[in-house]
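User: Hi! I am new to reading protein structures. Could you walk me through this one?

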Amino acid sequence: MHGQRKVKEIYDDAHRRATEEKIASFRSLYETVFTLRKESCYTRDALKLLDALLEVSPEQYTLFGYRRDILLHLWRMKADHRPSSPSRVAAVPSTDADTEVVPASSIDEDLDREYLLNTKIILKDFKVYSAFVHRRWILERIG
């Protein structure tokens, strides 16, 4: 507000070091995720790293796009290994980026996990537009 004096906060060395450690771990995680994306790594481990990164910084739309790419790839791989594939996977375009065999978990379980993570992100910061776009993507696949 106008006429309000800004209170200058003084931080001690312990607080400064803790902040620097958080920043260093965030940068490391961020660089790891983008390296995996550049290498077209579509694995469940990459999803776990994205979970951690999105909980800290959900503002970047690219992270949600990479997450969708991973899920679609895993579902496509699952459809290729099963005789009866769900109708949701049939419309997924095919790429030859990764040939990993996926552990058995249903698409519905993946979507439930996505929905819970997305809800957690939106409750933390309800102004993240990319989280709502991803939520719409999830709900389109659930319904």
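Predicted model: local features only at pLDDT ≥ 70, side-chain atom pairs only at ≥ 80, totals over all residues.

User: What pattern does the protein chain follow along the sequence?

Analyst: Helices (H or I, at least four residues) and strands (E, at least two) are DSSP runs, numbered from the N terminus. The chain has six helices and zero strands. Read along the sequence, that gives the pattern α-α-α-α-α-α.

User: What share of the 143 residues is buried?

Analyst: Let's settle the word first: buried means under 20% relative accessible area, exposed over 50%, and partly exposed in between (1.4 Å probe, protein chains only). Among the 143 residues of the protein chain, the buried share is 36%.

User: Which parts of the chain does the aromatic pair of Y42 and Y66 tie together?

Analyst: Rings of Phe, Tyr and Trp (its six-membered ring) pair if their centres lie within 6.5 Å; planes under 30 degrees apart count as stacked, over 60 as edge-to-face and the rest as tilted. The structure holds four aromatic pairs, and Y42 with Y66 is a tilted one, at 6.3 Å centre to centre and 55° between the planes. Y42 lies in the loop between α1 (13–38) and α2 (44–56) while Y66 lies in helix α3 (residues 61–81), so the pair ties together parts that are 24 residues apart in sequence: that loop and helix α3.

User: Is Y66 buried or exposed?

Analyst: The relative accessible area of Y66 is 2%. The cut-off for buried is under 20%, so Y66 is buried.

User: How many residues apart in sequence are the parts tied together by W75 and W137?

Analyst: W75 and W137 form a stacked pair, 6.0 Å centre to centre with 0° between the planes. W75 lies in helix α3 and W137 in helix α6, so their pair ties together parts whose separation in sequence is 62 residues.

User: Which residues does W137 touch, leaving out those up to four places away in sequence?

Analyst: W137 is buried, with a relative accessible area of 9%. Contact means heavy atoms within 4.5 Å. Leaving out residues up to four places away in sequence, W137 touches R68, L71, L72 and W75.

User: Which residue has its backbone oxygen 3.4 Å from a polar atom of the S130 side chain?

Analyst: S130 lies in helix α6 (residues 129–142) and is buried, at 5% relative accessible area. Beyond four places away in sequence, S130 touches P58, E59, Q60, Y61 and F64. The backbone oxygen that lies 3.4 Å from a polar atom of its side chain belongs to P58.

User: Is L116 buried or exposed?

Analyst: L116 is found in helix α5. Its relative accessibility is 59%, and the cut-off for exposed is over 50%. L116 therefore counts as exposed.

User: Which ring residues are linked into a cluster?

Analyst: Here ring pairs do the linking. The residues they join into a cluster are F26, Y30 and F34.

Methods: Residues numbered from 1 in each chain as written. Heavy atoms only, no water. Polar contact = N/O pair within 3.5 Å; in protein donor to acceptor, adjacent residues only side chain to side chain.
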